[in-house]
Amino acid sequence: MRRIIVRLFITVALFALIAWYIDLRAALGVMLTASPIPLLAALLMQTSSTLFSAWRWGLIMHALDFDRPMAFFIKVYFIGGWFNQALPSSIGGDAVRVLEVGRGGFRKRHALAGVFIDRAVGVFGLLVLNLLAVNLLPNGFPGWLNHLINLIAVGGCAGFLAMILLRHLPWLGRFRVLSPFDHLGRQAHRLYSRPMRLVGHTLLSMGAHLCSIMAVWFIARAIGLPLHLHHFLIAMPAVFLLTFVPVSLAGWGIREGAMVGIFLLVGADKDHILAVSILYGLICIVSSLPGGLFWLDERHHRKPVS
């Protein structure tokens, strides 16, 4: 409960800071002008992003010998998204995934490794997509930002590949405190000793993030923001990375501040960018609603029959 209160306080503080510089009423006025058709397209893209990610996680768990149907993993992934986006819970979506898999009789330690690897390959795909966008697409952002993005992306990709190579450090298993890293390294090497599997999972990750970026772009079109898709392909991965840091509720406040700060560098109107960010947050909540329905259905079937 204390963690929720701290995150709520940080979220409110961030929005208060944003309101100091931006007229929230003006942003609300922009939101009310949004065209519904692009918003529906954004919702479809965000839901597709979740499906791509859930499919990737299911493939990872199958490769690690978790013998459950793909529909199970897709359902649990949506439940995890519901906890991340719509419920101010002390149990995050990743923890929900571990618990749900553990209820099937599998060891939670192995389930945790699968969830962590899924998260890691998701970030890896995001960084690869960002590298391609920054270096291949038209770019109106300052040079220092491009260099920073390249530095972070290359470092992150190197860290992911190093995780796969942890298995080649046999001394990790000799120390109890390091045994989780040894187990993680063995599982990651087991998965990605076949390079084509890594390529497939990376492409799914890139597809998931591309759908999310398309969702943001559709929202921008809904309110008439004159930015091109390549602006979002370059900027949004950095925004997503910042929202992965669990310091506010579902990334609220962090996403808004990051989007306003980055898109101001290409001359975007701050009221419009704030409106895009808030609308995207609402789209994420709506797209997670199937997870809420799955969760309620699970609770209903777990209730003992009297």
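Reader: What volume does the largest pocket have?
Author: In this predicted model, the volume of the largest pocket is about 1,400 Å³.

Reader: What makes a residue part of the lining of the largest pocket, and how many residues line it?
Author: A lining residue has an atom within 4 Å of a point of the pocket. By that test 49 residues line the largest pocket, and N84, Q85, R119, T243 and F244 lie nearest its centre.

Reader: Which helices supply at least two residues of that lining, and which gives the most?
Author: Helix 1 (2–21), helix 3, helix 4 (70–85), helix 5 (93–102), helix 6, helix 9, helix 10 and helix 12 each supply at least two. Helix 4 gives the most, with seven residues.

Reader: What is the volume of the second largest pocket, and which residues are closest to its centre?
Author: The second largest pocket has a volume of about 290 Å³. It is lined by 13 residues, with L112, A113, F116, P180 and L184 closest to the centre. Helix 5, helix 6 and helix 8 (179–192) each give two or more residues to this lining, and helix 6 provides the largest share, six residues. By class, the lining has nine nonpolar, one polar and three charged residues.

Reader: Why are F232, M236 and F263 counted in a nonpolar core?
Author: A nonpolar core takes buried residues of listed types, Met and Phe included, joined through side-chain atoms within 4.5 Å. F232, M236 and F263 belong to the largest such core, of 51 residues, and touch the most other members. Among the elements that give two or more residues to this core are helix 10 (229–243) and helix 11 (254–263). Helix 9 gives the most, with 10 residues.

Reader: Which residues is M236 in contact with, leaving aside its neighbours within four places in sequence?
Author: M236 is in contact with I213, V216, M259 and F263. A second, separate core has 31 residues, including W57, V98, L166 and L198.

Reader: Why is helix 11 called mostly covered?
Author: Buried means under 20% relative accessible area. Eight of the 10 residues of helix 11 are buried, so the helix is mostly covered. The buried residues are I254, R255, E256, A258, M259, V260, I262 and F263.

Reader: Which helices do the buried residues of helix 11 pack against?
Author: They pack against helix 1, helix 7, helix 9, helix 10 and helix 12.

Methods
Residues are numbered from 1 along each chain as its sequence is written. This is a predicted model: local features need pLDDT of at least 70, side-chain atom pairs count only at pLDDT 80 or more; totals for chains, interfaces and linings use all residues. Side-chain values use heavy atoms; hydrogens and water are left out. Buried means under 20% relative accessible area, exposed over 50%, partly exposed in between (1.4 Å probe, protein chains only). Helices (H or I, at least four residues) and strands (E, at least two) are DSSP runs, numbered from the N terminus. Contact means heavy atoms within 4.5 Å. On a 1 Å grid over the protein atoms alone, a cavity is a set of points where a 1.4 Å probe fits but cannot get out, and a pocket is an open set with protein on both sides within 12 Å along at least five of seven lines; lining residues have an atom within 4 Å of a point. Grid points are joined across faces, edges and corners, and a volume is the space filled by probe spheres set on the points. Ala, Val, Leu, Ile, Met, Phe, Trp, Tyr, Cys and Pro count as nonpolar, Asp, Glu, Lys and Arg as charged, and the others, Gly among them, as polar.
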